[in-house]
Amino acid sequence: MSSTSPSQHPSPTVVEGFEEFEIPDSVFLDQPMDGLPPLVDTTRRLELAAEQLSEGTGPVALDTERASGFRYGQRAFLVQLRREGTGTVLIDPEATGSLAIIDEALRRTEWVLHAATQDLPCLRELDMHPDALFDTELGGRIAGLSRVGLAAETEELLGFTMAKEHSAVDWSTRPLPEPWLTYAALDVEVLVQLRYAMEELLRSQGKLEWALEEFEAVRTAPPAAPRKDPWRRTSGITKIRGRRQLTALRNLWTEREELARHKDISPGRLLPDSALVAVAQAMPRSVPQLLRTPGFHGRAASKEAPRWLRALSEARQAEELVPQSVSSDSLPPVKSWTVKRPAAAERLRTLKPAVAERAAELGMPTENLVVPEHLRRFSWDPPASAELEQIAERLAEIGARRWQIDNVAPTLQKALRLPRPEQHDDAGNADAAAS
């Protein structure tokens, strides 16, 4: 394999559709330019890494590797950083613990991440919080790139192809194999260069300020609130009939969660959702009956049989059963709107194609111009009139960013004023928006 460094670019060519923006032909990137650095897995090495990063210049590229399909939770098992003047740093957080010392070394430094919403939660768990953020994946969406994976963007904007053969491995493995570490190091090798190429592209399209506003919204977004009754998201729950079976499913899910946390194993690797649903439906009373339940098998099924039977017994004896459904501030399914609020259904049918057309004009996915949930909430509960100011205020209340409001509010106003059959709405003020 070749080991071309990022400085050895071939002759650039112009990308059709991106006037004034040039990229080189593709070159395979398979080795870090400075070689593979030693793994930071002691307190002393972490201190040295912090000193080196603090002496670097410019933005810092970051990435994390998780093992969510293998281990419990979403914590990082490897953190990669690269900064000009420092080079690449690979940290094993399982060995070092908190990375607060790295966070302090990077104060007032812009962080460059690809799909930051995936990495920021596990970085927060390690006491790392950015002061500034540039998200190359989100930037690519706003720029209208057809493919926004890291490898795809790196190839399109920088001319380097990158191998992705280790993307789904178990990063909790210790020691980490050298080929995996090489793969991880390459994820930050040219990320800062990609950041500058993305900035140039966004600026050439007049979208840079929009992207910066989005990046800041991602950076400052509060952590997601814990889900209410997360067990209700069990795949196949609609097969459950009756509150007692539902209570059994809740008990089984809770037992699996506690066991997975204790063993540090992904819950689905202990028992799939389908097994929990099958047992909740069958409600077996003995170990033989339990293990004969279709789909209920494996080491955790037999070894932990008393645990599952206890959960079922408690459901059988429970006097207070879980409700069939719970109140939520979520909107009803769109397919039910024609019955529950027909004017809202008609509004959504009118607005969706108008917004899609506007997104196409701007050269970006519709969901980046208007978050689908925002459009649904606007359609369900619109402002009292179709005046531009009130439309903008309603969008802001829902959570739309200023750049989104500026670009989509006139589109919504125009669509709402188009003649259409008179509708009646139980919201009281909804029909006014169509007038």
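These legends walk through several views of a predicted model. Local features need pLDDT of at least 70 and side-chain atom pairs pLDDT 80 or more, while totals for chains, interfaces and linings use all residues. Residues are numbered from 1 along each chain as its sequence is written, and side-chain values use heavy atoms, leaving out hydrogens and water.

**View 1. The whole protein chain.** The C-alpha trace spans about 70 × 65 × 35 Å along its principal axes. Of the 435 residues, 51% count as buried, meaning under 20% relative accessible area with a 1.4 Å probe, protein chains only.

**View 2. The largest nonpolar core.** Such a core is a set of buried Ala, Val, Leu, Ile, Met, Phe, Trp, Tyr and Cys residues joined through side-chain atoms within 4.5 Å. Among its 85 residues, Leu81, Ile91, Ile102, Leu369, Leu395 and Leu412 touch the most other members. Helix H17 (residues 342-362) gives the largest share, 8 residues. Domain 1 (27-220) and domain 3 (334-417) both contribute, so the core lies between them; these bounds come from an automatic or database domain assignment.

**View 3. Around helix H12.** Helix H12 (residues 273-282) has the buried residues Ala275, Leu276, Val277, Ala278, Val279 and Ala280. They pack against helix H10 (243-263), helix H13 (287-291) and helix H15 (305-317), where contact means heavy atoms within 4.5 Å. Just after H12, look for Met283, with a positive phi of about 50°.

Definitions and conventions
Buried < 20%, exposed > 50% of the residue type's maximum accessible area, 1.4 Å probe, protein only. Helix = DSSP H or I, 4+ residues; strand = E, 2+ residues; numbered from the N terminus.
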